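Subject: Structure for your review

Dear colleague,

Please find the structure below, together with its sequence.

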4 protein chains.
Amino acid sequence: MNATERLTELFMRFPGIGPKQAKRFVYYLLREHSHFKEQLISALEELKFTGRQCDVCFRYFGDKSAVQDATCSICKDETRNRKTVMIIEKELDLDAIEKTASYAGIYFILGGLIPPLTEKPSELIRIRELVAMLHQKISNNDIEEIIFALPVTDNGDVTREYVEKTVKQIVGIGKVKLSTLARGLSSGLELEYVDKNTFKNAFEHRG
Amino acid sequence: MNATERLTELFMRFPGIGPKQAKRFVYYLLREHSHFKEQLISALEELKFTGRQCDVCFRYFGDKSAVQDATCSICKDETRNRKTVMIIEKELDLDAIEKTASYAGIYFILGGLIPPLTEKPSELIRIRELVAMLHQKISNNDIEEIIFALPVTDNGDVTREYVEKTVKQIVGIGKVKLSTLARGLSSGLELEYVDKNTFKNAFEHRG
Amino acid sequence: MNATERLTELFMRFPGIGPKQAKRFVYYLLREHSHFKEQLISALEELKFTGRQCDVCFRYFGDKSAVQDATCSICKDETRNRKTVMIIEKELDLDAIEKTASYAGIYFILGGLIPPLTEKPSELIRIRELVAMLHQKISNNDIEEIIFALPVTDNGDVTREYVEKTVKQIVGIGKVKLSTLARGLSSGLELEYVDKNTFKNAFEHRG
Amino acid sequence: MNATERLTELFMRFPGIGPKQAKRFVYYLLREHSHFKEQLISALEELKFTGRQCDVCFRYFGDKSAVQDATCSICKDETRNRKTVMIIEKELDLDAIEKTASYAGIYFILGGLIPPLTEKPSELIRIRELVAMLHQKISNNDIEEIIFALPVTDNGDVTREYVEKTVKQIVGIGKVKLSTLARGLSSGLELEYVDKNTFKNAFEHRG
């Protein structure tokens with residue numbers, strides 16, 4: 001297998017990339033000046049060394065500054081409220097939420113969701129890491145609210161229930177506020193297309 | 001212009017139907033047995049005589065029973081709570097909400113929405129009819145809550161503000177509860193795709 | 001079942017119309033002035049009486065003029081070359097071809113296609129009617145070319161083979177030219193998306 | 001700008017990749033074992049050295065074997081008929097045609113198309129390279145047919161006319177056959193959707 005074939009196969013493992021698109025990438029690289037390939041190689045090399053997981057929120061990140069310590073820029077940011085932790089599924093959710101510029105706490109990334117009837121849910125998400133982090137925060141008196149920001153799907157609900165149950169055993173009643181993002185009509189929704197659950201949520205929490 | 005051409009032009013006025021689809025309808029009718037055409041004509045004749053607007057909620061309906069009095073089956077239904085009125089834009093919204101089987105009050109159909117900066121908003125929606133209906137309900141002590149169920153769009157928000165302002169002048173403070181369907185994450189939403197307004201609403205109303 | 005429900009069900013039998021769109025049609029009709037409903041009823045009435053099938057090409061049409069004789073305007077048009085017959089599947093194909101303004105002969109509409117391995121193909125298309133028409137044209141010395149204009153699909157190919165075999169037995173070799181629309185690259189095609197059969201046809205018939 | 005940001009920007013230059021997809025690639029790489037990144041770097045390195053342009057057909061390719069001489073595997077393949085040259089726009093067209101396994105000659109890649117009214121068309125395509133290649137083939141008596149396989153679009157037609165005119169001055173009349181892939185109905189086409197040009201081509205070349 002030659003370089004174009006190998007590269008095509010590697011690109012096919014990228015999320016959402018089929019054989020045709022992978023080939024298109026390779027042709028693009030073949031046509032581009034070698035300077036571009038060098039930039040790509042150099043960024044990949046750097047990623048290999050600097051790319052790491054934050055030891056607080058467990059997101060993957062690639063800051064050069066992070067070579068020394070393994071905490072990401074959000075978790076290190078002293079202007080953020082570290083007593084509020086938002087529990088999310090994945091990095092892309094964090095990006096979308098950061099883009100709204102409406103949240104100033106920190107995050108914890110579960111790294112997955114639990115489908116209904118899963119036998120060993122603890123293997124699918126970072127529950128041990130969350131427990132350890134909360135124990136430390138509690139002993140430091142460093143936590144006030146845990147916010148669930150999981151998708152409004154069956155998997156999201158199963159995950160929230162499982163994590164909530166675990167978290168409640170640690171934080172004690174009343175000490176730490178547990179909350180969930182409100183459900184209702186999202187922006188742009190026309191009532192004509194409303195589904196049963198969304199309407200029920202929006203109706204019950206009308207105000 | 002012959003019958004096929006005239007029929008094609010009439011079908012082109014149906015919502016969402018272009019020339020090709022209109023022609024397809026005509027060919028379909030030409031091929032179908034004349035019995036089908038007769039059924040269609042008979043249903044249209046009946047609609048012409050029975051089709052009317054409810055004098056309470058102002059929706060268009062076509063119940064045969066309605067020939068006598070001009071109130072629709074929902075507004076006449078004694079098992080429904082007539083002290084709760086949900087203000088909506090159009091008939092299709094009513095259908096979608098009825099399908100959720102989660103609401104037992106009655107409706108009022110505005111018949112439109114008000115875009116921002118509209119000079120004469122009262123011409124775009126049934127505001128006079130709403131005012132008259134509310135006056136009557138208040139004098140009968142027949143109203144407890146008005147729920148806004150308008151789309152989560154600029155037009156929906158402008159409409160709600162305008163109607164709310166008008167309604168408040170009639171109902172008096174504290175006598176009638178004014179509410180709005182909750183905003184937040186709707187069913188199926190992945191946080192990855194959340195927009196600024198939806199996140200802000202969901203975050204502020206977390207609970 | 002009342003008029004709106006019956007009308008919704010009738011519209012759901014129109015090609016490509018689901019329950020939601022059918023309901024939208026009914027609401028549209030309920031809102032429209034009764035004059036529109038009357039126009040619709042009148043066009044449908046006329047279609048019931050004037051809508052008929054051409055006794056030459058077998059297409060359905062609805063010309064008022066056709067009340068007297070049952071031949072469509074294309075087949076009656078003396079400026080067209082009646083010695084050339086294009087065999088097509090359905091009325092919409094005729095419309096599309098007429099729109100190109102590139103064909104001046106007449107048509108014969110099979111009214112269907114034959115899938116592979118069909119046991120009684122003669123029941124799916126108007127083969128008897130085609131045979132009768134050709135017999136008459138031959139005895140009148142009124143035919144020079146038969147052009148197959150069927151879709152480039154398996155069903156189209158099976159249909160052409162079956163009709164061609166039948167036609168050949170009638171017209172005799174050499175007397176009537178049998179032809180098929182050329183296959184190759186159609187307008188707008190990018191080679192990047194070419195499929196095996198299209199390329200083979202385009203390559204073999206390059207010129 | 002750190003490695004993740006730089007990598008995101010580089011991926012955004014890949015064909016068809018927006019900022020969200022580029023970020024998704026970077027997160028994927030961050031999560032993947034460093035072995036995958038190493039494979040990617042190694043394939044890119046190899047491409048940098050082996051990736052080159054064929055000195056006959058001018059396509060970009062990345063065969064390791066090509067380090068020594070700069071002719072691609074198709075042009076070197078002695079089982080192919082080098083007296084037939086198919087003129088195409090780009091590498092992806094070549095891939096699609098090779099996949100049909102219906103062509104056994106060689107290719108020449110123009111590397112672009114000429115839009116109507118272009119002032120200096122020779123700067124948009126490899127016309128000088130084509131002329132040089134044809135001169136050599138003619139003096140070696142090594143060419144019999146030139147096949148145009150360009151998209152059926154305005155740009156494709158302008159390009160063919162320009163190249164054909166240039167080529168005719170070189171090859172002399174009658175010595176080398178110039179042909180173009182046939183135009184007509186492509187596989188899967190329903191007559192209902194036929195456009196004017198496709199029908200005209202299919203009708204004029206019926207057979």
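Throughout this message, two residues are in contact if their C-beta atoms, placed from the backbone, lie within 7 Å. This is a predicted model, in which local features need pLDDT of at least 70 and side-chain atom pairs count only at pLDDT 80 or more, while totals for chains, interfaces and linings use all residues. Residues are numbered from 1 along each chain as its sequence is written, and chains are lettered from A and ligands numbered from 1 in the order in which they are written.

Chains A and B

In the interface between these two chains, 42 residues of chain B are in contact with 42 residues of chain A. Helix H5 (91–100), E6 and helix H8 (196–204) of chain B each contribute at least two residues to the side that touches chain A; helices (H or I, at least four residues) and strands (E, at least two) are DSSP runs, numbered from the N terminus. H8(B) provides the largest share of that side, 8 residues. By class, the side of chain B that touches chain A comprises 19 nonpolar, 14 polar and 9 charged residues. Here Ala, Val, Leu, Ile, Met, Phe, Trp, Tyr, Cys and Pro count as nonpolar, Asp, Glu, Lys and Arg as charged, and the others, Gly among them, as polar.

Chains A and D

Between chain D and chain A, 39 residues of chain D are in contact with 39 residues of chain A. Helix H1 (3–11), helix H2 (19–31), helix H3 (34–50), strand E2 (60–61) and helix H5 (91–100) of chain D each supply at least two residues of the side that touches chain A. H3(D) accounts for the largest share, 12 residues. This side of chain D divides into 18 nonpolar, 9 polar and 12 charged residues.

Chain D is laid on chain A with an RMSD of 0.1 Å by a turn of 179° and a shift of 0.0 Å along the axis. Of the residues of chain D, Ile41(D) comes closest to the rotation axis, its C-alpha being 2.8 Å away. Here too the same surface serves both copies, as 100% of the contact residues of chain D recur in chain A.

Chain pairs without contact

No contact joins chain A and chain C, and their closest C-alpha atoms lie 10 Å apart. Chain B and chain D are likewise joined by no contact, with their closest C-alpha atoms 10 Å apart.

The axes of helix H3 (residues 34–50) of chain B and helix H1 (residues 3–11) of chain C come within 9 Å and cross at roughly 145°. Axes are lines fitted to C-alpha atoms, for helices over the stretch in contact, and angles run from 0 to 180 degrees between N-to-C directions. Residues of H3(B), including Leu40(B), Ala43(B), Leu44(B) and Leu47(B), meet residues of H1(C), among them Ala3(C), Leu7(C) and Leu10(C). The contact of H3(B) with H1(C) has 7 nonpolar, 3 polar and 2 charged residues.

The sheets of chains C and B

Chain C holds an open sheet of 4 strands in the order E4-E3-E5-E6, with parallel pairing; two strands pair if DSSP finds at least two bridges between them. Strand E4 (105–109) and strand E6 (177–180) of chain C are the edge strands, each pairing on one side only. Strand E3 (residues 81–88) and strand E5 (residues 145–148) of chain C pair in the parallel sense over 4 bridges, and Met86(C) stands opposite Ile147(C) in E5(C). Helix H7 (residues 154–171) of chain C lies across E3, E5 and E6 of chain C, and runs at about 175° to E6(C).

In chain B, 4 bridges join E5(B) to strand E6 (residues 177–180), the two running parallel. Leu178(B) in E6(B) is the bridge partner of Ile146(B).

With kind regards

Methods:
Copies are superposed by least squares on the C-alpha atoms of residues with pLDDT of at least 70 in both.
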